[in-house]
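Welcome! Let us take a walk through this structure together, one contact at a time.

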Amino acid sequence: MVRDGVRRGGESAGRCAGGEKALSETVDRPRAAPKNWISWVALALMTTSSVASLRPAPTMAVYGLACVFLYLIPALVFLLPTSLVSAELASGWKGGVYNWVARGISKPMGFLAVWCQFAMTIFYYPSLLGYVASTLAYVVNPALAGNGLWTASVIVITYWAGVWVSARGTKSVAGLASGGLVIGTLVPGALLVLLAFVFLGQGNAPAAPMTAEHLLPAWTGLASLVLIVNNFLSYSGMEMNAVHVSSLRDPGKGFPRAMFLAMGLVLLIFILPALAISWVIPADQLSLTAGVMQAFDAVFAHFGWQLLTPVVGIMLVLASLGGMLTWLAGPSKGLLLISRQEGYLPPYLQRLNRNGVQQNILVVQGVITTGIALLYAFIPDVSSAYWIFSVITTQVYLITYLLLFVAAVRLRRREPEHPRGFRAPVLVGLCGIGFTASLAALLVGFIPPSQFGSGNTGVYLLIVAGGAIGLGVVVPLLFYRLRKPSWKTEVTA
């Protein structure tokens, strides 16, 4: 889910840069050879840093040993196709996802793709900051982790503080998020896994069974597989990392190697903490928002190190906030630049403040985010609210990927001789697998998961369908239909 605030610094920079290139680099031609090459190992590490996160671990920990299967499947049918297909597009056409879809399908579809990249953040922030609120509760008072009013308050206050910081044009935001990978992901993740192994080594029985018959999730109908949708967002953003393909000396060999190494590293970072959590916290007691801190609290209590719980909580919170700040500036700026060129948004939303920041977009987005955050105060189970917003985030973002796969096939057929630094093997097959997997994940998201079977199915469906279809399709359609020639703004250098 969205793959995750503590890991988004690298993605955001890519989004922002991609949006600027869409305007300044309108002529498609092969990129000039870079002066400084990067190794495929370095690219693999860059990809890992922008994808890996601890935040989705509790969601998969409820499956115990089966989380290995549930992480591996989307990696093969979504992460791998997305990575290789995006590499071909990035090495042949500048301008990011808007230009790829606009050339491959049409400009309206290009706008829809870049809109969904932006719109998914509207539900991404409440889910990310819901995780922040639950984590922060363990620093203040663990009893607040399931309190909807506490969660809503933290979301609203933190988001608007982030808008204030972003509006000032802070330049150190990207560095803050990059440092957050080590501070809030690698160090706490390694510590959690190490202590969990020691916990088992002392003869303690794992909370979740670790036998061969539990390698696959129990089948109770389609609802039993709904949580796998979350993993698609966990792996999202690969189209941003693909822009680095032109910096490899031998993209044809180096990029696939980088992607396979990155997949292995990402799977380790995702799977091992999820397993560690399942060893120390029973599934029926696990919170999807506070699960990471529940696990730390349990293992620290076992070893008599409870004083470290607030310290780890602060590390996780700082990393997530750094990621949020970079995401505030990135997708919205990409949408702004495309809209000023093509006139997709009204002039009010195109205005910049004195620091050159798209403040009006952030404010309007903040009003919507505040309204969504208040739902936490009215939905009794915070985990249910967290899951609903995560599903909406994933579904809106999957629209972008559906368009991307279609555009890639059409560009290969329409412009087979167009210069590309990398040509994905069996591209049509990869796009077919990626498109089918993305569509299946989008549809499955409308089914309430078995863990929330006691809730009102009608309300769940109404919220998820209304959020995904309304924000991902209806709103951009209205903008496109209502656009005026006067909305086009002259783009300066």
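This is a predicted model: local features need pLDDT of at least 70, side-chain atom pairs count only at pLDDT 80 or more; totals for chains, interfaces and linings use all residues.

**A charged meeting point**

Arg420 counts as buried because its relative accessible area is 13%, under the 20% cut-off. Glu88 is buried as well, at 2% relative accessibility.

Glu88 has another partner to meet. Arg412 forms a salt bridge with Glu88, and their closest N and O atoms are 2.6 Å apart. Here too the link spans distant parts of the chain, from Arg412 in helix α16 (residues 382-414) to Glu88 in helix α4 (residues 67-92), 324 residues apart.

Now look at Lys107 and Glu342, whose side chains meet in a salt bridge at 3.3 Å, N to O. Lys107 lies in helix α6 (residues 107-140) and Glu342 in helix α13 (residues 308-342), so this pair also links distant parts of the chain, 235 residues apart. How exposed or buried are these two partners? Lys107 is partly exposed at 44% relative accessibility, whereas Glu342 is buried at 15%. Through shared partners, salt bridges join Glu88, Arg412 and Arg420 into one network.

Finally, turn to the nonpolar side chains. The largest nonpolar core has 144 residues, and Trp115 is one of those touching the most other members. Leaving out residues up to four places away in sequence, Trp115 touches Leu335, Leu471, Gly472, Val475, Pro476 and Phe479.

Note on methods. Residues are numbered from 1 along each chain as its sequence is written. Side-chain values use heavy atoms; hydrogens and water are left out. A nonpolar core is a set of buried Ala, Val, Leu, Ile, Met, Phe, Trp, Tyr and Cys residues joined through side-chain atoms within 4.5 Å. Buried means under 20% relative accessible area, exposed over 50%, partly exposed in between (1.4 Å probe, protein chains only). Contact means heavy atoms within 4.5 Å. A salt bridge is a side-chain nitrogen of Lys or Arg within 4 Å of a carboxyl oxygen of Asp or Glu. Helices (H or I, at least four residues) and strands (E, at least two) are DSSP runs, numbered from the N terminus.
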